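Subject: Structure handover

Hello,

Here is the structure I promised you. Please open it and keep it on screen while you read my notes below.

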Amino acid sequence: MDPVQLAAILAAAVLVASMLSVEVGISVALIELALGVALGNAFKLNPDQPWLVFIASFAGVVLTFLAGAEVDPDDFRERFWASVGMGVASFVGPFVVATLVAVGLLGWTTKASLIAGTALSTTSLAVVYAVLVETGLNTVRVGKLIMSACFVTDMCTVIALSAIFLKPTPWFPVFAVVSIVVIVGLPSIAPWFFRRYGDRVIEPEIKLVFFVLFVLMVLGEKANSQAVLPAFILGLVMSRHYQQHRQEQSRLRVVAFALLTPFFFLRGGMNVSLGAVFANLGLLALLAGAKLVPKFGLVFPLARRYAAEHAAFATLLMSTGLTFGTISSLYGLQAHIINRTQFSLLITVVVLSAIVPTAVAQRWFSPDVEIERAVDMRARKRALRTTEPATVTEAGRS
Amino acid sequence: MSPYEFTNVLVAIDGSDDAAKALDCALSICKALDAQLTVLAVEGKLPAYAASLGEVDEVKREKDEFFSRALDTAREAAEQRGIDVRTDLVPGHSADVIVYYAAAHAHDLIVVAHHSHLLGDVILGSTADRVAHHAPCPVMVVR
């Protein structure tokens, strides 16, 4: 099929996905993925046309940058060690188990098994965030703990994706140095650059970010590495700037959601073979188990320790996955580490993990936000009472 | 004394024409009975299974702005008629929040609009239906 014809069909799908998203209240990304599956299987559309591969690859890096830039670092300071414990457990358990299941039981290659481990160890901070904000739970301690832990898991996924498949070339030191320079330098020059050139319809500030991401992609490719880790950290260090300049963040999102990310998710869906999924339902169940069982085995005990009454809710939300699972799987497919059947199985598990644990958590385990606010209030009062005598003593001494 | 002394009325709005009718009805009741009025807006669902925080954030921000404007308009209408009014914007699922809110704030009458959301109504029943079934006090459904 002619590239323009494919672009026209996908543009129609992007439009329909947006309209459906508004009508049914489901994220546009999930609908784009589903439409990609439908179009790819019904009309055998080619997902490997160079323009589509290019846009989807760039969109993956932009999504990673946005995932970092949308995080509020202050939210993650409270209960730091609890978040790190739960977040690391949520990554390590499924990563090890899914990798061992793939290499040992399914006979996948070591590299393909590592892709399976990475894709299935993820959590979806965005899925979790929507659940928590919708009910107001993002403002209470248990909600903040879950979000922080999900962020730690995301960080582990990004590090794994960058580190595991690293085969350094002579370009690697250049890639590393340039990554450090932009991570340190961009937040420093951003205020001046955005003040001097920002707030214009030609959007120099978005072009600056895109330029930096392209540089990281080029050098990452030369170095036989991945741009995801520096892109994620760059997003993180820019997050405070975007908090103070919401309009800039909004415009960047508009460009990303309108022009880039739809093609990332559509292409992901187009690569899914429904035939392969239905022919391997047993493997699908095994991979889903390799994700969910270790999440429950490792995260649940820690969640009982740090959020006793809502351990099941926290564990279920930390069992979700979507964006980084899709990014990891698409990377594996793009690099010919996994084949289309393996990709189809991984994406199906990733999508199911976005839907099923979320629905169960919301239906049966959602905490009452008013009760949680009261619990937080009592905890704050207790903390104040325990600190008061010390203050008095200090005052008495002086 | 009648068991139905309406002194603390709750009306739920969503910025629609139907909700405007419900508000108008609640204003008339409060004016006639010298009752206090609370206008409640429930933000409702955010995009489920989102792929980025941005998608959720932007919808949330749009909802905040939309409902804040709707509540301001409701407040002005109530104040013009000399009615003691308070407004509140709450996240959550409409029917659950309305029922919980009415119980938590001891409201003695809930006024809601009757909407028709084809598919949603068939599967789940309308918000008005669910509020009527679970409310702790009388419910007036305005058409």
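Leaving aside residues up to four places away in sequence, A:Thr157 touches A:Phe91, A:Thr118, A:Ser121, A:Thr122, A:Phe324 and A:Ser328. The residue itself is found in helix 7 of chain A, which covers residues 141–164. Is A:Thr157 buried or exposed? A:Thr157 counts as buried, because its relative accessibility is 1% and the cut-off for buried is under 20%.

A word on confidence. Remember that this is a predicted model. Its scores are ipTM 0.82 and pTM 0.86. For chain B the average pLDDT is 88, and 91% of the residues score at least 70.

Now to the fold of chain B. Find strand 2 (residues 36–42) and strand 3 (residues 85–90) of chain B. They pair in the parallel sense, over 6 bridges. Which residue is the bridge partner of B:Val39 in strand 3 of chain B? It is B:Thr87. Next, bring in helix 2 of chain B, residues 53–80. Together with strand 2 and strand 3 of chain B, this helix makes a β-α-β unit, and the unit is right-handed.

Then move along to helix 3 of chain B, residues 94–104. Its buried residues are B:Ala95, B:Val97, B:Ile98, B:Val99, B:Tyr101 and B:Ala102. What covers them? The cover includes strand 1 (8–13), strand 2, strand 3 and strand 4 (109–113) of chain B. Helix 5 (127–134) of chain B is also part of the cover. Just after helix 3 of chain B, look at B:Ala106: its phi is positive, at about 55°.

Last, the interface. Here 21 residues of chain B are in contact with 31 residues of chain A. The two chains bury about 2300 Å² between them. Carbon and sulfur atoms give 60% of that area. Which three residues supply more than any other three of the area that chain B buries against chain A? They are B:Tyr49, B:Ala51 and B:Leu53, with 34%.

How many salt bridges does the rule find across the interface of chain B and chain A? It finds 2. To see a salt bridge on screen, go to the side chains of B:Asp57 and A:Arg253, which meet at 3.4 Å, N to O.

Best wishes

Note on methods
Residues numbered from 1 in each chain as written. Chains lettered and ligands numbered in written order. Predicted model: local features only at pLDDT ≥ 70, side-chain atom pairs only at ≥ 80, totals over all residues. Heavy atoms only, no water. Pairing = 2+ DSSP bridges. Helix = DSSP H or I, 4+ residues; strand = E, 2+ residues; numbered from the N terminus. Right-handed = clockwise from strand over helix to strand, strands pointing away. pLDDT = per-residue confidence, 0-100. Buried < 20%, exposed > 50% of the residue type's maximum accessible area, 1.4 Å probe, protein only. Contact = heavy atoms within 4.5 Å. Buried area = accessible area lost by both parts, 1.4 Å probe. Salt bridge = Lys/Arg side-chain N within 4 Å of Asp/Glu carboxyl O.
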